[in-house]
Amino acid sequence: CHTGAVNDAVTAVLAGADKVSGWQEDLYRDLHSHPELSHQEHRTAGKAADRLTTAGFEVISSVGGTGVVGVLRNGDGPSVLLRADMDALPMEEANQIPYRSKVKGKMHACGHDAHVTILLGVARLFSSMPNRVQGNIKWIFQPAEEGGGGGRVLTEEGVLENPKVDAIFGAHLFPDLKIGKVGIHEKEGLAAADRFIIKMIGRGAHGAYPHLSRDPILAVGELISQLHTIVSRSINPLDSAVITIGKVSGGTAFNIIPDEAEILGTVRSLSQKVREELKSRMEEVTQGVAKSFGMDYHFDFQWGYPALINDPEMSRLVAAACARGIGKENVEFIRPSMGGEDFAYYLEKVPGSFFRLGCRNEEKGIVNPFHSSRFNIDEDVLPFGVEMFARIIDEYLGLKLF
């Protein structure tokens, strides 16, 4: 996937661009078979710290718990930061592969093991030519992306300082894109991911005497229908919003009307304005339904990750840099996702871009989505990802390596 002349030092590290190099394969498979959940990434963090130390970089461990930061300092030029997340998911792996998870109930089903492997590959690349860098490169190996908000914690602990970061880039494997392709969100990338708990508080009674009750289950049923009208009737059709109810609970027996019933769900949006409007309308609807049924309610709206908003200029830089290596036909501007991603916290502070690396290969049967017990990747994405990051850094810092 190379075009044009490439600097010999880069060639030596990226020689495996069309074939998975042995060291990357070994590292990836080791990480995949030893998944660790959020805030428990001690082994993974140790691997990252060891590799960064071997590369000769300044290393800071135990950042935000298990986070690791590596720094290549070389002068007063601009500073660029790369980020990989490390945590796995609490699920059982169904893939029958030699390197399947060895830890019961834990699996790398979102590609974070590949993210770590790719960024350590980038570190290995630049360790071979540190004097070619005019400026500074920082690496973050971040804990707790899967709902733990590790990105927020690390920004609060100052990972964007010393040296002060001027631009940030991150990538996520994407099973909807074929191997060898890059997907770019020009501006809006992923949604704000909030959650809610709503409790209807009525009055219980025997199921044979409903007139003596204030039935919270009936109220919740009405509330579910009313909440789903918010997106279709309160939000501008040109905006994006999702309200999903994932759990409904209440009652103890078939013939008892309970005192309380509860619903839990998630709310997604791509702008702060819509995000706040959703919360406001949901509470208004809940209050109205409760009043119409003569009962009390409890409304708990929990702010989650903010929307991930790329800097358009940085996204165009990513597109141009990657296209020089793989051709414009293999770089796609793609629509936003309503999933959530705590890389958003970094982008609130520093201009940057979060992009996608295709890992789908139908010929190999690699077609399953994120968070599936059969999620897998085409391992050719590992050296491919290293090259794409190298080209982005080269473009941003103006190194003229390629």
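The model is predicted, so local features need pLDDT of at least 70 and side-chain atom pairs count only at pLDDT 80 or more, while totals for chains, interfaces and linings use all residues. Residues are numbered from 1 along each chain as its sequence is written, and side-chain values use heavy atoms, with hydrogens and water left out.

Start inside. A nonpolar core is a set of buried Ala, Val, Leu, Ile, Met, Phe, Trp, Tyr and Cys residues joined through side-chain atoms within 4.5 Å. Buried means under 20% relative accessible area, exposed means over 50%, and partly exposed lies in between (1.4 Å probe, protein chains only). The largest nonpolar core has 69 residues. Phe126, Trp139, Phe141 and Phe169 have the most contacts inside it. Helix 10 (residues 381-397) gives the largest share of this core, ten residues. Helices (H or I, at least four residues) and strands (E, at least two) are DSSP runs, numbered from the N terminus.

Take Phe141. Neighbours within four places in sequence aside, its contacts (heavy atoms within 4.5 Å) include Ala48, Leu52, Val68, Met86 and Leu120. Another core lies apart from the largest one. This other core has 24 residues, including Ile198, Leu278, Met282 and Met295.

Now the pockets. On a 1 Å grid over the protein atoms alone, a pocket is an open set of points where a 1.4 Å probe fits, with protein on both sides within 12 Å along at least five of seven lines; lining residues have an atom within 4 Å of a point. Grid points are joined across faces, edges and corners, and a volume is the space filled by probe spheres set on the points. The largest pocket holds about 730 Å³. It is lined by 28 residues, and closest to its centre are Gly147, Ala193, Arg268, Tyr305 and Gly340. Its lining has eleven nonpolar, ten polar and seven charged residues. Here Ala, Val, Leu, Ile, Met, Phe, Trp, Tyr, Cys and Pro count as nonpolar, Asp, Glu, Lys and Arg as charged, and the others, Gly among them, as polar.

Strand 8 (192-201), strand 12 (260-269) and strand 13 (296-305) each supply at least two lining residues of the largest pocket. Strand 8 gives the most, with five. Strand 8 runs antiparallel to strand 12, joined by ten bridges. Two strands pair if DSSP finds at least two bridges between them. Phe196 has Gly265 as its bridge partner in strand 12. Strand 8 also runs antiparallel to strand 13, through eight bridges. There Ile197 is partnered by Asp300.

The second largest pocket holds about 180 Å³. Of its 14 lining residues, Lys364, Ile366, Asn376, Ile377 and Asp378 are closest to the centre.

Ser373 lies in the loop between strand 16 (352-360) and helix 10. Ser373 is partly exposed because its relative accessibility is 26%. Beyond four places in sequence, Ser373 touches Met91, Glu92, Glu93, Ala94, Asn95 and Met107.

Last, the backbone. Most residues other than glycine have a negative phi, and most peptide bonds are trans. His371, in the loop between strand 16 and helix 10, has a positive phi of about 60 degrees. Ala144 also has a positive phi, about 55 degrees. Ala144 sits in the loop between strand 4 (135-142) and helix 5, and counts as buried because its relative accessible area is 0%. The peptide bond from Asn162 to Pro163 is cis, with omega near -5 degrees.
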